[in-house]
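Here is a short briefing on one protein model.

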Amino acid sequence: MFLLNAEEQLNDNDVAHARLANQRLTTTEFTTAAEVVEWLVAVQAQEYAGAKAALGLRARGLDDAAVERTFNAGEILRTHVLRPTWHFVCLLYTSDAADE
């Protein structure tokens, strides 16, 4: 995450870099679509192809086929959460968590 001291002055490039970094678009530790969605909480997915691309941009080595496999496996869902807008959301509870 891009953090500044209170005394530092921001210029336009600093703001742009901070926004990109905080959205995990410059570097990322994520390797799966589910990790990205879990971290973001929800990803707007009105345009399915664009939403998959947004996930792919935020994870190392993640391509369209990998996102499709994650979706088809039910690890991420495309649903209406609070309003009639499609979002990807992550399955929060695994079978292991349900057994506890």
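A42 has V89 as its bridge partner in β3. This is a predicted model, where local features need pLDDT of at least 70, side-chain atom pairs count only at pLDDT 80 or more, and totals for chains, interfaces and linings use all residues. Residues are numbered from 1 along each chain as its sequence is written, and side-chain values use heavy atoms, leaving out hydrogens and water.

**Strands**
- Strands (E, at least two residues) and helices (H or I, at least four) are DSSP runs, numbered from the N terminus.
- Strand β1 (residues 42–44) pairs with β3 in the antiparallel sense over three bridges; strands pair if DSSP finds at least two bridges between them.
- Strand β2 (residues 76–80) also pairs with β3 in the antiparallel sense, over five bridges.
- A hairpin of five residues joins β2 to β3.
- I76 stands opposite C90 in β3.
- Four of the five residues of β3 are buried, so β3 is largely enclosed by the rest of the structure. Buried means under 20% relative accessible area (1.4 Å probe, protein chains only).

**Helices**
- α3 and α4 pack at an angle of about 105°, with axes 9 Å apart. Axes are lines fitted to C-alpha atoms over the stretch in contact, and angles run from 0 to 180 degrees between N-to-C directions.
- The two helices α3 and α4 are therefore roughly perpendicular (65 to 115 degrees).
- Y48, K52 and L55 in α3 meet D64, V67, E68 and F71 in α4 (heavy atoms within 4.5 Å).

Conventions:
Parallel < 35°, antiparallel > 145°, perpendicular 65-115°, else oblique. Buried < 20%, exposed > 50% of the residue type's maximum accessible area, 1.4 Å probe, protein only.
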